[in-house]
Amino acid sequence: MTDFDYDFVVIGGGPAGRRAAIQASKLGKSVAIIDDQKKIGGVSVHTGTLPSKTIRESVLSVTGWRDQHFKTARQREASDVTRNSINSRLSMTLSDEVDVIDNQLCRNNIATLNGRAKFSGPNKLAVTQSVQGKKTSYTVTGEKFLIAVGTKPYRPKHIPFNGKNIVDSDCIAANLPMPKSIIVVGGGVIGLEYATIFSTLEIPVTVVEARDKILEFIDRDIISNFTHQLTERGIGLRLGRTIEKIELGKDDYAFVELDDGRQLRAEMLLFTAGRVGAVDQLGLAKVGIEPDNRGRLSVDSKTLQTSQPHIYAAGDIIGFPALASTSMEQGRQAACHAFGHPITSSKHSFPLGIYSIPEIASIGLAEDEARAKGLQVEIGIARFQETSRGHILGNCEGMLKCIFDLNDRQLLGVHIVGEGATELIHIGQAVLNLRGGIDYLSDTVFNFPTLAEAYKVAALDAYNRMPQPRLRA
């Protein structure tokens, strides 16, 4: 027995926090989640992962984008009909997800406390909540803590955000607008997801990115294919350009002046150039934890402990890759370490998924990374147009790239662009983590016709250029 209210207190109800809480409960610990939103789920459910992916799926449905290859012309639906359809699906999806989460936490005997938590001591939190317009406060103590508060959009003070014409991604997720034109500032994951969503709705889109390349952590051949698809659809890419000025014109149009003198004008500007940790009201100074200039927390990469051993952090708050899938695993691993349970998956490769249109997915080494490590590699490429399923779906512009080690013939990485990429990547994940290679993929029989068959096509593409193993006498 201890003098604490709970063995494990989680601050934040997003993917990392929920998974950590459930894991700790399954280890027999008393657990509480503290969240300051009206409904559980965190940024992932309410303004981040789930809303953007639901909007994406709705847009693909209402526009018939997946069938575009077979259509000579398409009548665009009225914007109000499209908006209502998308927002209705979004509301239903998020409501269902909240119900699922509430049920999971209840089944695992996890206390859910509403309010804003702030450290008032090493093992103590002051929780403030609003009840009928009046603020009340109470204290919660815990043996160990997990900070999983996530991030919020970076909003520089010199940008005139007004929630209508100049907005951040939270505004978009809450109620998808239908502007006549849009400028997206930031060519990262969030910016490109929304840029391609608006483009699919046939809204003119211009993306401004200060770096010379987009998504630099993705294999270059995949980005080359992706960039080609974007430009073919008319998305303007202003790469390597910084912004001198953002203003709201008298006509309520957003005005942007770039460092090369060019000027851009659109009915809406979406600012997605970075996010910051939501730690400003956590009272971290009370426990000797100092965030960086973007509000992120440093942790031990193996244990996920902060500078205070009894306080852990996981999810977007600790930085890259800031994906719901990896956040969940980080939360689980933090809970396991906190209570002395062996961690089993830390050596495995995790997939990356970007839900743009088309999707991008990646696992393992990119080609440049492999060569930089001094590895001798062979590359196998399969284009979706080489598969019967690709033609059936009208999905011919995608590609799958496999990287194999020339010496031991093992798979080192898989990179995909195209519809279904975030599902297809799990085949590569299994083969890579189980140390399979080119011989397995080239010999395996895949269902026909499927996009998964692209793995065999890519393996055979590389196989034809690789030295063949000598036959035993």
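These legends accompany a set of views of one predicted protein model.

View 1. Among the contacts with a separation of 6 or more, 65% are between residues 24 or more positions apart.

**View 2. Surface and interior of the protein.** Of the 473 residues, 52% count as buried. The accessible surface comes to about 22,700 Å², and carbon and sulfur atoms hold 48% of that area.

**View 3. Confidence along the chain.** The average pLDDT of the protein is 89, and 93% of the residues score at least 70. Strand β17 (residues 311–313) has the highest confidence, at a mean of 98, while helix α2 (residues 42–46) has the lowest, at 64. A friendly caution for this view: where pLDDT is low, the predicted coordinates should not be read in detail.

**View 4. Helix α1 and the glycine that follows.** Helix α1 covers residues 15–26, which makes 12 residues. From first C-alpha to last it reaches 17 Å, close to the 16 Å expected at 1.5 Å a residue. This helix is mostly covered, with 10 of its 12 residues buried. Among the buried residues are Pro15, Arg18, Ile22 and Ser25. Just after α1 comes Gly28, whose phi is positive, at about 85°.

**View 5. Gln23 and its neighbours.** Zooming in on helix α1, we find Gln23. Its relative accessibility is 15%, so Gln23 counts as buried, the cut-off being under 20%. Leaving aside residues up to four places away in sequence, Gln23 touches Arg332, Ala335 and Cys336.

View 6. The structure holds zero disulfides. Cys402 counts as buried because its relative accessibility is 0%. Cys171, at 29% relative accessibility, counts as partly exposed.

**View 7. The loop between β17 and α8.** Two backbone features can be picked out here. Pro321 lies in the loop between β17 and α8 (324–338), and a cis peptide bond with omega of about 5° joins Phe320 to Pro321. Ala322 belongs to the loop between β17 and α8 as well; its phi is near 55°, a positive value in a residue other than glycine. Ala322 counts as partly exposed because its relative accessibility is 35%. For context, most residues other than glycine have a negative phi, and most peptide bonds are trans.

View 8. Pro358 sits in the loop between β18 (352–354) and β19 (360–364). The peptide bond from Ile357 to Pro358 is cis, with omega near 10°.

**View 9. Glu202 in the loop between α6 and β10.** Helix α6 (189–200) and strand β10 (205–209) are the elements on either side of the loop that holds Glu202. Although Glu202 is not a glycine, its phi is positive, at about 65°. At 42% relative accessibility, Glu202 counts as partly exposed.

Terms used:
Residues are numbered from 1 along each chain as its sequence is written. This is a predicted model: local features need pLDDT of at least 70, side-chain atom pairs count only at pLDDT 80 or more; totals for chains, interfaces and linings use all residues. Side-chain values use heavy atoms; hydrogens and water are left out. pLDDT is the predictor's confidence in each residue, from 0 to 100. Helices (H or I, at least four residues) and strands (E, at least two) are DSSP runs, numbered from the N terminus. The expected span of a helix is 1.5 Å times one less than its number of residues. Buried means under 20% relative accessible area, exposed over 50%, partly exposed in between (1.4 Å probe, protein chains only). A disulfide is a pair of cysteine sulfur atoms within 2.5 Å. Contact means heavy atoms within 4.5 Å. Accessible areas come from the Shrake-Rupley method with a 1.4 Å probe; for residues, only the protein chains shown count as cover.
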